[in-house]
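Here's a quick briefing for anyone meeting this structure for the first time. Have a look at the sequence and the model, then read on.

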Amino acid sequence: MRWCFSDDIDVSVASDREAALTALRRLEPQVVTLDLGLPPDPGGASEGFALLEDILRLAPMTKVIVVTGREDKENAVKAIGMGASDFYQKPLDADILTFVVNRAFRLAELERENRELAGQGNGTSIKGIVAASPEMLAICRTVEKVAPADVTTLITGETGTGKELLARALHDLSHRADKPFAAINCAAIPENLLESELFGFEKGSFTGATQSKKGKIESANGGTLFLDEIGDMPMALQAKLLRFLQERVVDRVGSVKPIPVDVRVVCATHRNVQDLISQGEFREDLYYRISEITLDVPALREREGDALVIAQSLLKTLGKQLDRPNLCFSEDAVQAINAYGWPGNVREMINKVKRAIIMADGKRITADDLVLPADGCEADYQLNLRQVREAAERKAIMQALTTSNFNMAQASRLLGVTRPTLYNLTDKYRIETSTATSGV
């Protein structure tokens with residue numbers, strides 16, 4: 001088996017369980033090939049299964065390929081269920097074994113890179129936002145710049161893209177951070193109640209108003225008011241909101257005494273506001289008031305590379321919450337996550353990952369556990385290791401440059417290479433190294 005591999009793979013051989021565990025601790029290998037028939041039970045599989053459990057406990061990120069006999073499929077299936085990465089059946093075929101091992105190396109490398117990206121904070125200080133793509137990092141940098149300024153901001157994007165997280169970031173990164181953050185969903189409250197919820201009411205102003213009550217706007221005084229789904233706000237109420245934005249005073253329902261309020265207003269909607277204006281469903285003058293700054297949040301399918309990074313982060317966080325740490329994605333799950341369109345964006349991913357953590361039988365989450373189609377993934381398996389490494393290297397360079405705002409010294413530190421090496425790599429992959437030419 002040692003002769004099957006190229007010179008760039010270091011191979012260590014162990015003849016029994018004790019020697020294997022010693023090598024595991026000393027070498028920390030990315031990939032292990034494990035024959036289940038080990039002494040003192042060479043004719044069975046008990047010692048092999050015991051060693052498999054030890055490896056997965058001591059080094060859960062190590063990819064274990066179980067080697068079985070031709071008629072020993074039951075043990076192979078059991079090993080995969082326990083958390084083995086793959087299996088290989090005897091007799092030995094050098095080409096097939098090399099392919100299986102290289103595939104395991106490829107998966108280990110991809111998981112390592114994604115863990116590093118997640119551990120770097122993804123280039124942003126925004127709580128709850130996991131971003132590695134240039135598109136989302138640009139949004140996060142804009143939030144960091146806009147937050148200190150008291151400008152009314154409109155956040156647009158599909159449902160589940162994290163609009164409320166960005167709104168909270170605008171508040172948390174501003175001088176209003178120690179003041180209230182009040183949020184209201186304009187689509188979730190009936191039209192006849194929305195006005196009193198926003199502006200408050202006086203005692204006796206309508207049946208059931210037994211005492212005066214502050215509205216959301218007043219309760220956010222000194223802080224931030226977040227109006228979610230403002231595209232669904234009734235036209236009559238839009239006029240009253242426009243007056244508030246112009247005058248910064250609140251008229252409670254049933255009151256004639258204006259109340260001055262100091263709030264920053266952040267709005268969000270999943271609808272196309274320009275279409276609403278053309279259809280006569282949204283006031284154009286209100287649109288210009290709420291969109292001093294507009295953030296158009298890209299859908300998850302438009303954020304290259306983010307799907308797997310977010311999925312890995314969710315797996316780590318939700319795995320701890322559900323008392324199932326050290327789970328990892330199988331290769332078909334990785335391919336499925338990258339290939340899927342995610343129409344429900346991050347919110348859909350949270351649901352699927354949570355379900356998979358609960359339903360997974362072994363240490364590895366499959367595409368079936370995620371309820372994602374695995375079709376179309378096989379073609380990606382044919383990529384050789386050089387192509388995979390080059391693609392990952394180019395992506396990492398782009399992310400480092402974007403994160404550092406194309407500061408070559410900072411980018412080289414993020415990547416752990418010298419500046420001359422980084423310049424050589426950008427030349428190799430024909431990557432522009434200035435913000436002007438890259439369009440960032």
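Which strands does helix H2 lie across, and at about what angle does it run to E1? Helix H2 (residues 46-58) lies across E1 and E2, running at about 165° to E1. Before going further, note that this is a predicted model, where local features need pLDDT of at least 70, side-chain atom pairs count only at pLDDT 80 or more, and totals for chains, interfaces and linings use all residues. Residues are numbered from 1 along each chain as its sequence is written, and side-chain values use heavy atoms, with hydrogens and water left out.

**Terms to know**

- Helices (H or I, at least four residues) and strands (E, at least two) are DSSP runs, numbered from the N terminus.
- Two strands pair if DSSP finds at least two bridges between them.
- Axes are lines fitted to C-alpha atoms, for helices over the stretch in contact (heavy atoms within 4.5 Å), and angles run from 0 to 180 degrees between N-to-C directions.

**The three-stranded sheet**

- Three strands make an open sheet in the order E1-E2-E3, with parallel pairing.
- Strand E1 (31-35) and strand E3 (86-89) sit at the edges with a single partner strand each, so one side of each has no neighbour in the sheet.
- From one strand to the next, the twist averages 25°.
- Strand E2 (residues 63-68) is joined to E3 by four bridges, and Ile 65 has Asp 86 in E3 as its bridge partner.
- Helix H3 (residues 73-82) lies across E2 and E3, running at about 160° to E3.

**A closer look at H2**

- Buried residues of H2 include Phe 49, Leu 52 and Ile 55; buried means under 20% relative accessible area, exposed over 50%, and partly exposed in between (1.4 Å probe, protein chains only).
- Among the elements covering the buried residues of H2 are helix H1 (17-27), E1, E2 and H3.

**The five-stranded sheet**

- Five strands make another open sheet, in the order E5-E6-E9-E4-E10, again with parallel pairing.
- Strand E5 (181-185) and strand E10 (293-296) are the edge strands, each with a single partner, so one side of each is left without a neighbour in the sheet.
- The twist here averages 15° from one strand to the next.
- Strand E6 (residues 224-228) and strand E9 (residues 264-269) pair over four bridges, with Phe 226 opposite Val 266 in E9.
- Helix H5 (residues 134-146) lies across strand E4 (153-156), E9 and E10, running at about 155° to E10.

**Salt bridges**

- The structure holds 18 salt bridges, each being a side-chain nitrogen of Lys or Arg within 4 Å of a carboxyl oxygen of Asp or Glu.
- Asp 150 and Arg 176 meet in one of them (2.9 Å, N to O). Asp 150 lies in the loop between H5 and E4 and Arg 176 in the loop between helix H6 (163-172) and E5, so the pair ties together parts 26 residues apart in sequence.
- Asp 150 is partly exposed at 41% relative accessible area, whereas Arg 176 is buried at 3%.
- Glu 195 and Lys 240 also meet in a salt bridge (2.8 Å, N to O). Glu 195 is in helix H7 (residues 191-199) and Lys 240 in helix H9 (residues 235-247), so this pair ties together parts 45 residues apart in sequence.
- Arg 17, Glu 47, Asp 54 and Arg 57 are linked in a network of salt bridges.
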